[in-house]
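I am keeping short notes on what I look up in this structure. Each entry covers one topic.

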Amino acid sequence: MILQINNDHQRFRKIVKGRIRKDLRKFLTRSELIGREGKKYISIPVRGIDMPHFRYGDNNDAGVGTGDGKPGDAVQGSGAGAGGTEEGKHILEVDISLEELAEILGEELQLPRIKPRGKHRISAERDRYSGIRQAGPESLRHFKRTFKRALRRQIMSGFYNPDRPTIIFERRDKVYRSWKTILKPQSNAVLIYMMDISGSMGDEQKELVRLEAFWIDAWLRRNYQGIESRYIVHDVRAGEVDRETFFRIREDGGTRISSAYKLARALIEHNYSPEEWNIYLFHFSDGDNSSESDSRECCSLLTENLLPNLNLFGYCQVASAYGSGNFINVLHEQLGDQETIITSRVNTKDDIYDSIKTFFSAGK
Amino acid sequence: MNIKLPKEIAEQAEIIAEYARQEGLDFYPTIFEMLSSEQMSQVAAYCGFPKRYPHWRFGMEYERLRKQHRYGLGRIYEMVINNDPCYAYLLADNMFVDHKTVMAHVYAHCDFFKHNVWFSKTNRSMIDEMANHATRVRRYIERHGIERVEQFIETLLSLENLIDAHSVFVRRNPQLEPKSQPAVNHTREAARYPAKGYMDRYINPPDVMTAERTRLREEAAQDSGRFPAEPVRDVLLFLLENAPIEDWEADILSMIREEMYYFAPQGQTKIMNEGWASYWHSTLMTRYILNDDELIDYCEHHSGTLATSPGRLNPYKLGIELLRDIELRWNTGRYGPEFDACDDMAVRRVWGKEKIPKERVIGRGSPGREKIFQVRAVYNDVTFLDEFLTPEFVEAQNLYHYRYDPNTQRMVVVNRDFDKIKSQLLFALANHGQPYIFVTDGNFRNRGELYLTHRHAGADIDIKYALETLKNIHHIWKRPVHLNARIDDEPILFSYDGEQSTQQHIDERVDAPAHDF
C-alpha cells in the first residue's frame with residue numbers, strides 16, 4: 001500500500017504559505033511572534049482555510065447534553081462565548097519554521113537576496129572528521145571499528161571463546177579517525193541596534209521598535225549563517241546593553257544622538273573589522289535631538305567613520321507625541337545622496353511592512 | 001509497507017469471528033491490516049481508503065490528525081471500510097486486548113454495513129472505485145494542470161453536502177410506478193358534468209366553463225415553463241445535468257457526488273452503527289474473549305469510549321444504551337398499548353420483571369435480541385430515536401436540553417423536558433444537521449439565473465458561509481445565483497452575480513421563482 005499523502009500534505013503546506021503571504025501585513029504586526037524566536041517552529045493560526053458550506057448559524061446554538069445541572073446552570077466545558085468555541089474549529093494552527101516565514105517575507109516584499117559584499121567574503125576553515133587511518137593519537141581511536149577488527153581477527157585465528165568473549169586489541173587492530181580540512185565560504189554579519197530611550201519614547205514606540213527589529217532580525221538571519229547582534233541605548237549618554245534590557249529599559253532625560261554613534265564606532269573598531277564582517281546599523285529614535293550642533297556632529301560621524309564601513313545604515317523614526325522629529329530631515333539634507341543610508345518613518349504598526357521593504361529593497 | 005499481521009492476532013480474528021457468527025452476526029469477509037500511528041493518520045485522512053484523488057484537503061486533515069495524535073488529544077483506535085470484503089485497520093502500538101476489542105467491534109460494523117437497509121445501495125467495491133477516481137483525477141491534472149483541477153474540486157467540496165440522501169431509494173422509472181394513479185387531466189379540458197342538453201347551461205354554466213378553461217390554459221403555460229418541474233434537493237445532480245461545465249469538470253462532479261452518496265448512510269446511522277458495534281464488542285468480550293488479566297485494561301478503554309462529557313452527546317454511549325433499553329423492553333414486554341396505557345410509574349418500573357431469567361444477560365433467541373437485530377436492519381438514527389426514545393430512558397441517561405444564552409454568553413441548561421430533548425435530537429440528526437437547500441428555479445426571471453431556496457426548519461443559515469458558498473455555485477453555474485433564506489423571520493434574497501454579493505428583502509416587487517414553499 002503506497003500512500004500519496006505526502007504530496008497532498010505538501011500541497012496543503014503550500015496553500016497555507018499562500019494564505020500567510022496574503023495576510024503578511026497582519027502577521028507583521030503580531031507581537032505574539034516575538035519571544036518565540038528561540039524556537040525553530042512557530043505555530044500560526046490560519047483562518048479561512050475551511051470550505052464554506054450552507055450551514056446553520058451560530059445563533060441557533062442549542063443541543064442536548066448529558067450530566068447533572070439545574071435549568072439555568074452553565075453547561076460545563078463551554079467557556080464564555082460558546083459561539084466562540086464553535087468558531088475555534090475553523091482555525092487551524094500550522095507549524096512553520098522561522099526560516100520559511102522569512103522566506104515568505106522576502107518573496108512577498110520582493111526583497112532581493114542580500115549579496116555579501118565581495119571583498120568581505122571570507123573562507124572559514126573547518127575540520128571534519130570523516131576519514132580513517134592506521135596511525136594517530138589514542139584520543140582519536142575509533143573504538144567500534146577497532147573492536148570489530150579485533151573480533152574478526154580473533155574469530156579467524158580461533159582465539160575467540162563465545163563463553164568468555166574477551167577481546168584483546170593488538171597494535172594492528174587499531175584504527176583512528178582522521179580529519180579533512182574543508183574550506184567553507186562564510187559570510188558573517190553583525191547587527192547593531194541603537195535606540196533612543198529618552199523620556200519621549202513611550203511603551204508604544206518601543207513596541208514598534210521591537211516588532212521592526214524582530215523582522216529585521218528574521219530577514220538577515222535568513223541571509224547569513226552567522227549573525228551577531230549588539231544593542232546600544234542612549235539618552236545623553238550611550239551604553240551597550242543586552243537584548244532584554246534593550247527592549248525594556250526606560251529612561252528620562254534629553255537626547256544626544258552622537259553619543260550612540262560614537263559608541264557604535266568604537267564597537268566596530270574593536271570587534272568587527274569591515275574586511276570580515278557585513279555590518280548593519282539600525283537606529284530607532286523619535287528624531288528629537290538635543291541640539292543642532294549635535295545633529296551636525298552625527299552627520300560628520302556618519303560620513304567619515306561609519307558609512308564607509310557599513311552595508312547599511314537604517315534610520316527608523318517612530319512617531320512620538322513629543323518633540324519635533326527633526327533628525328530625519330537633517331539626515332535627508334546632509335546625507336541624502338549617500339547610498340548606504342536609508343530612512344523610514346513608522347507611525348503605526350501597519351507601517352512596519354513598508355519600512356522593512358524600504359530598508360532591504362536595495363539588497364544590501 | 002504495513003506491518004504484517006502477527007500470527008496470534010490473525011488467530012484471534014478467526015476465533016472472534018466464530019463467536020460473532022454464533023451470536024447471529026453476519027458479515028462480509030473482513031481483512032485486518034496493522035498500521036503504525038503515522039500510517040493510521042494517513043489512512044484516516046483518506047477516510048480509510050488507501051487511494052483517493054490528490055487534493056490538499058487530505059493533507060490538511062492529515063496535519064490535523066497527526067498533531068492531535070502527537071499532543072495526545074485523541075487516537076484512532078479503529079477504522080473500517082464499508083466494502084466487500086471489509087477492510088479494517090488496527091493500530092500497531094495498541095495492547096493485545098485492544099486489538100481483540102477492536103476486532104469484535106469491527107465485525108459488528110461489518111454486519112451493520114451488510115444488513116442495514118440504508119447501506120443497501122452503497123457501492124461494495126468502493127475501494128476500487130476510489131482508486132479509479134484517483135486515476136481519473138490524476139489524468140485530468142496531467143491534461144489541465146493541478147491548479148485548475150484542484151481549484152475546481154475545492155469549489156465542489158463547498159457544495160458536496162447538497163445531495164438528497166433519500167433519492168437512491170426513490171424509483172423514478174415510470175414503468176415501475178403503480179398503474180392506479182389518478183389520471184392526470186392531460187387534455188386540459190374543463191371538466192364538464194354530464195347533463196341533459198336543456199339542463200347543460202345550468203349545470204355547466206358557460207361563464208364558469210370559460211373561467212375554468214382560462215385557468216387551465218394559464219396553468220399549462222406556467223407548467224411547461226417550469227424548470228425544474230419539481231423543486232430539486234439533489235443540487236449536485238441538477239448542476240451536473242444543467243450547468244455549462246466542461247466534460248472533465250462534469251466527470252469530477254459526478255465522482256464527488258458518488259462519493260458523497262457512498263458516505264451518506266454512515267452519517268445517517270452514526271449513533272446506531274457505533275451503538276451496535278459497542279453493544280457487540282462488549283457482549284463478545286465479556287462473555288467469551290476476555291482473559292482475566294485483561295479485564296482492567298479492557299474496562300478502562302471501554303469506559304473511555306463510552307465516556308460522556310457535558311454539552312456533547314457521545315454516539316457510542318447513546319447508541320449502546322438505547323439498544324440495551326430496547327432489548328430490555330422487548331424482553332419484559334414493556335411496549336404496546338397495554339404498557340403505554342399504564343401511567344403508574346411504580347408498575348411500569350417493574351413491568352415484566354419476572355420474565356428476566358436469573359442469569360443476567362439474555363442471549364440469542366430472546367425477543368429483545370430479535371428486536372434489536374430487526375432494528376439494526378431497518379432503522380436509521382432519525383427513525384431510531386423517533387421510535388425508541390422514551391421519557392424513562394431520557395431520565396435514566398440524565399439528558400438535558402441546552403441553549404445559548406446571549407446574556408451570559410454561555411450555553412445554559414434549559415430543562416429536562418422530554419419533548420424538547422427529543423425534537424432537539426431529531427433536528428440535529430435530520431439531514432445530518434444541515435439546512436435543506438432546493439433548486440426552485442433554473443431559469444429565474446427567464447434569464448438563466450439559478451434560484452435556490454432554504455426550507456426553513458427552525459434555524460437560520462449562517463449568512464457569511466452562505467455568501468461564500470453562493471460564489472462557489474456561481475463558479476459552476478456561471479450566471480447569477482440567488483438564495484432565498486429566512487433570517488430572523490424575514491425572507492431575504494441573497495444574490496451573487498459574479499462581481500458582488502447583494503441581499504434584499506423579499507416583497508412583491510421581487511420576482512417569484514418557479515416553485516415556492
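Which residues in H4(A) meet which residues in H6(A)? I started there, keeping in mind that the model is predicted.

**Entry 1: two helices of chain A**

I listed the H4(A) side of the contact as A:Leu98, A:Glu99, A:Leu101, A:Ala102, A:Glu103, A:Leu105 and A:Gly106. On the H6(A) side I found A:Phe214, A:Trp215, A:Ala218, A:Trp219 and A:Arg222. Sorted by class, the contact has 8 nonpolar, 1 polar and 3 charged residues. I then looked up the geometry: H4 covers residues 98-108 of chain A and H6 covers residues 203-223. Their axes are 9 Å apart, and the packing angle is about 95°. Angles of 65 to 115 degrees count as roughly perpendicular, so I noted H4(A) and H6(A) as roughly perpendicular to each other.

**Entry 2: H1 and H4 of chain B**

I went on to chain B, where H1 takes in residues 7-22 and H4 residues 96-115. The two axes come within 10 Å and cross at roughly 40°. H1(B) is therefore oblique to H4(B). I put the crossing down as right-handed. From H1(B), the contact uses B:Glu8, B:Ile9, B:Gln12, B:Ala13, B:Ile16 and B:Ala17. From H4(B), I wrote down B:Phe96, B:His99, B:Lys100, B:Met103, B:Ala104 and B:Tyr107. By class these residues are 8 nonpolar, 2 polar and 2 charged.

**Entry 3: H11 of chain B**

How far apart are the axes of H11(B) and H17(B)? I found 7 Å, with a packing angle of about 75°. That makes H11(B) roughly perpendicular to H17(B). B:Lys270, B:Ile271 and B:Met272 in H11(B) meet B:Asp381, B:Phe384 and B:Leu385 in H17(B). I counted by class 4 nonpolar and 2 charged residues in this contact, and no polar ones.

B:Lys270 came up again when I looked at salt bridges. Its side chain meets that of B:Glu274 in a salt bridge, at 3.8 Å from N to O. Both residues lie in H11(B), which runs over residues 270-289, and they are 4 residues apart, about one turn of the helix. I reminded myself that side chains of opposite charge can pair when their charged atoms come close.

**Entry 4: where chain B meets chain A**

How many residues of each chain are in contact? I have 83 from chain B and 49 from chain A. The area buried between the two chains is about 5700 Å², and carbon and sulfur atoms give 59% of that area. Of the area that chain B buries against chain A, B:Trp56, B:Met411 and B:Tyr465 supply 13%, more than any other three residues.

I also looked for charged pairs across the two chains and found 4 salt bridges. A:Arg55 forms a salt bridge with B:Asp462, where the closest N and O atoms are 3.2 Å apart. Over all chains, the structure holds 41 salt bridges.

**Entry 5: two backbone details in chain B**

Is the peptide bond from B:Asp84 to B:Pro85 cis or trans? I recorded cis, with omega near 0°. B:Pro85 sits in the loop between strand E2 (78-81) and strand E3 (86-91) of chain B.

Last, I looked up B:His432. It has a positive phi of about 60°, although it is not a glycine. I placed B:His432 in the loop between helix H19 (418-429) and strand E6 (436-444) of chain B.

Terms used:
Residues numbered from 1 in each chain as written. Chains lettered and ligands numbered in written order. Predicted model: local features only at pLDDT ≥ 70, side-chain atom pairs only at ≥ 80, totals over all residues. Heavy atoms only, no water. Axes fitted to C-alpha atoms, helices over the stretch in contact; angles between N-to-C directions. Parallel < 35°, antiparallel > 145°, perpendicular 65-115°, else oblique. Left-handed = near helix turned anticlockwise from the far one by under 90°. Contact = heavy atoms within 4.5 Å. Nonpolar A, V, L, I, M, F, W, Y, C, P; charged D, E, K, R; others polar. Buried area = accessible area lost by both parts, 1.4 Å probe.
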